Amino acid sequence: MKEAGKLRGWKKWLKIAVCTVFSIFLIVILAIGALVNFVFTPEKLTPELVKIVNENIEGKFYCESAEFTFFSSFPNFGVEIKKGKLTNKQDTLLLLNSCNAEFNVRKLLLNKIIDIKNIALRQASVNVLIDKNGKLNWDILKTKNIEDKKVENPESDFKINELYIKKLNLNRIQVKYANQVTNDLLSIDSLSTNFKMSYEKEKIACTLNADIKKIKFVKEGFKLLQNSKGGINTELTFLRKEHKLLFTKGGININGVDLLVNGFIKRDMVGKKFATDLTLRLKVPDLKSVLDLIPEKIVQKEKINVKGEVTFLATIKGFYGKNVYPLTQLHASIKNGEFQYVDYPGSINHIATDVKLRLDFKDKKSSHLTISNLDLKGFGINLQGNLAVENLMVNPFLKTILKGNVDITKLNKVIPFSPDVTAQGNINIDMQTSFNINDIKEQDISSLQIKGKALVNNLTITIRKDSLSLKVKQLDFNSALKSEQVLSGFIGIKAMELKKSANHYVKADQLKMNFSIDRTLADKSVLKADVQTGTITFQAGLNKKAELKGGKIAVNVQGNRTDKSKASISSNFKLDSLGIYVDKHFAGIKGGKYTVKLQRNSQKKWIPYGIVQFEQMMAYAPGLGMPIKIENTTLTLKEKLLELRNAKLTFGKSDVTLTGSIDNVKGLLSDKYKDEKVTARLSLYSKFIDTNQLMTAFNQASQKVVKDEKEPIASSPAEILNAPVPQTSEEKKIIQIPKNIDFVFDSHINKLKFGTMDIDDIRGNIIVKEGKVKLSNAKMKTLAAELSTNVSYTYLNEKEANVNLDFNLNKVEMSRLAEMLPVLDSLFPVIKSFEGLVDFRIKGLAKVDKNMEMKSETIKGVAGLQATNIMAFDSETFRELAKTFMFKSKEKNPIESLHAEMIISDSKLELLPSLIAIDRYEFAIGGIQNLDLSYNYHISVLKSPIPFKTGVDVKGSNFDDFKIKLSKAKYKFYFTDYERLQKKSDSTVIKKKAAILKLLDFKE
């Protein structure tokens, strides 16, 4: 009974204890839940976490939100961070979408140790940089007990003593790594990894599993890995005191090939470099592993039986740091290899080769690559060869030997390249080549040796997926040594076609070339080649076409062994015809030939020199509106300089003959160089220029460009040449001049059509510079007058332009002044009332509208008119004036002399007091003529049969609506011979008249 009572007592106490513990646990859970959900909310936790992190790093941390995750990470506390960013002073180190971290909260609160059990990072980008001084950009954790970095009044007392990470999980991470010390660039796209670590006093043990979808590695500019796939599955041990990382079990995977890695990497803390001693071996040493290196696009890897022995050993040993690299060696061989696809009759029954690679950064000349004893035998293939690259890292020299036969038609029954690929043809080859790779890059062929034979028959390769095909009926190559220093050979091609689609292809019916390489001279090597072509056609879409017929080319290439800059290429080229059509630009040449030399300069650029001649050339560009015809022309090339000699251009009805030079002509030929200055100094002779037709063509073309109108695509350039010439229009348009042009023309034009005017015998300089056109010291003749002028034209926009004008018209018929200068119709309409010859001069500034007509309201300038023995037509105004001054009005009233000076501005013409003699009278006339044809004139009688001086004011809205009023003679002292009386006149008016006469070079 007592035992039963004791048992009941124990049960009671046990029940109480369990309930108590459960209650306490429940209270703790509830308390933690309350803290997490009500106290440590994301709104309160986020700024505190950001503050704590920023106080412990030399950088800046930011996140959108942070919250505790106790229940999902039980029994550990967790933090979930969303949209985070970590930077140092210069770089962005980390961008993350989300990060979950589980840590030991007890160690964090009691010992200030961050013991992270697990970190899961998703969709992040990491930037790692080691600068030229060996400093890591991630080295941002503040160190303890450094006096000069103490914070006097820290916002938080929390400081981190130690940091441990036990497990790291990465998902879709991008990594960029740059080491400026060792000149390495590494980029990883979509990295996913599991990383486990266990910490002991002396070491850290790690297990690493990683998958990389795309990796790129560049070493000193050399791409060692390019968009390769990779993986890591290995165990690592880090010895803390020795700073040594040991590779023990597992290895790496590159493009599906598993390599075992053993050895170590040890950090030298003093020398800031790493000691390496690593070996890499194939995990499965067979030919199947080598086959995995070939992309699936090239060779199918399913249903294939592979046999063969493979050895592969790579060693990396030595120091790795600034300007120090370890010795890297590789030795691989294949023996007794063979493979056969299931259900395919043929097989490759023998594969053998030996590969050696040495990269020695101390003794760079000893570095080399050799592929020796290559032997491939099977159904449709029998090839043997060797390849060697000596002095690989400094001055690489390549030697190859290849001999054998490939029957592609048969080989396609052995290797199913791809369902989209079909191939047939036969290749026989027996060749040896050797050359210095750097010399060939420098266009120096002095080291080139090619001897042997190669014959290709009925080659056809089609890739249906890419719509790509290559056809060659025959390719024949043959070369041999005539002597130890002279090599000669022949290349012949028949019926070749490379086709991308119906509108993308290159065709050649035949091409023959005889060549020789002569190295008998001590410092030079000479390549001579004679090339003959049949018809070669090229098309890249509907807008790019070219065709060459009957080409004969002689080429001479000279290389200089001691001075690479003295290399040169000379060539002579004759052709029956050549046509090029690119994006609605067309050029066609008939009967062309050229002699051109390309000389290499010290900047490794080829400079052209030579002569180009052709019987006839047609050219067209959309901006021109119609084609240009050029006949029997010789062009001379001198570097960037193009010289023309009697180059005759026909453009619609217009013709121009040019002699002179154009510097940097490429600035005219391509939009790519439109900002480069083009300079020309040319003499220009023309029998006839129809500016109306030219402007019509230019403006029709420019309107299509402005409106982005799509012209119908021509099926052939002939449609452009046969297109109708634009109809001539007397309407004139604003033209924009390219600002990169600096042209000077010494011009002589026999006849020029401008609007309704015919202008003859134009001589003068035409200067085109900085988007402006200037006609300088030009003289010309019209039916109305002889004209000398200086005019400058500056484009403003498509609606107007500025004109700086200086016109001198000699012996011009007054009634035709308005025909020469239409603006005078509104500025000086009285000229239509006179008949006779006058000298008229005008100088000033104005704007022209889109029809190239002067805008009267914008004219600012001065004008002068001098005439003798002219006639004034009878009119109502003239009859009223005759009645007032009591002289007889006739149908034509003789005027002995008329001298007038005018100021034009603010939409009006001011006629300064001017002397006019009629019959026995002398008058002084002055006043204002407005653009609206209203006027306000004063006439003073200076001499008459009546012995007194009087004046009249004449006002009106037009010449049919006027009023005459007697007044005082305002101008009676302006034209007296008495100095005493002259002083009574307005001196400012006298000075204005004198200044105008001087400016216009008129005699007073």
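**Close-up views of charged, buried and positive-phi residues**

**View 1. Lys-972 sits in the loop between β49 (961–967) and α13 (979–982).** Helices (DSSP runs of H or I, at least four residues) and strands (runs of E, at least two) are numbered from the N terminus. The model is predicted, so local features need pLDDT of at least 70 and side-chain atom pairs count only at pLDDT 80 or more, while totals for chains, interfaces and linings use all residues. Residues are numbered from 1 along each chain as its sequence is written, and side-chain values use heavy atoms, with hydrogens and water left out. Lys-972 is partly exposed at 32% relative accessibility, a class lying between buried (under 20% relative accessible area) and exposed (over 50%), with a 1.4 Å probe and protein chains only. Together with Lys-949, Lys-968, Arg-980 and Lys-984, Lys-972 makes up a patch of positive charge on the surface. Patch residues have over 30% relative accessible area and no salt bridge, like charges being joined within 9 Å and nonpolar side chains (Val, Leu, Ile, Met, Phe, Trp, Tyr) within 5 Å. Areas come from the Shrake-Rupley method with a 1.4 Å probe, and for residues only the protein chains shown count as cover. Lys and Arg count as positive, Asp and Glu as negative, and His and the chain ends are not counted; a charge is placed at NZ of Lys, CZ of Arg, CG of Asp or CD of Glu.

**View 2. Lys-843 and Asp-806 join their side chains in a salt bridge.** The N to O distance is 3.6 Å. Lys-843 belongs to strand β42 (residues 837–848) and Asp-806 to strand β40, so the pair, 37 residues apart, links distant parts of the chain. Asp-806 is buried, with a relative accessible area of 15%, whereas Lys-843 is partly exposed at 25%. A salt bridge here is a side-chain nitrogen of Lys or Arg within 4 Å of a carboxyl oxygen of Asp or Glu. The structure holds 14 salt bridges.

**View 3. Further salt bridges involve Asp-360 with Arg-358 and Lys-549 with Glu-547.** Asp-360 and Arg-358 meet at 2.8 Å, N to O, and Asp-360 is buried at 10% relative accessibility. In the other pair, the closest N and O atoms of Lys-549 and Glu-547 are 3.8 Å apart. Lys-549 is partly exposed at 36%, as is Glu-547 at 33%. Elsewhere, a network of salt bridges links Lys-677, Arg-681 and Asp-742.

**View 4. Ser-190 and Lys-811 have positive phi values.** Phi of Ser-190 is near 60°, and that of Lys-811 is about 55°. Neither residue is a glycine. Ser-190 lies in strand β7 (residues 184–199) and is buried, with a relative accessible area of 16%. Lys-811 lies in strand β40 (residues 800–813) and is exposed at 55% relative accessibility.

**View 5. Cys-63 and Cys-99 are both buried.** Relative accessibility is 3% for Cys-63 and 13% for Cys-99. The structure holds zero disulfides, a disulfide being a pair of cysteine sulfur atoms within 2.5 Å.

**View 6. Lys-44 is part of helix α2 (residues 42–55).** Lys-44 is exposed at 52% relative accessibility. Its C-alpha atom is separated by 9.0 Å from that of Ala-66, which is 22 residues apart from Lys-44 along the chain.
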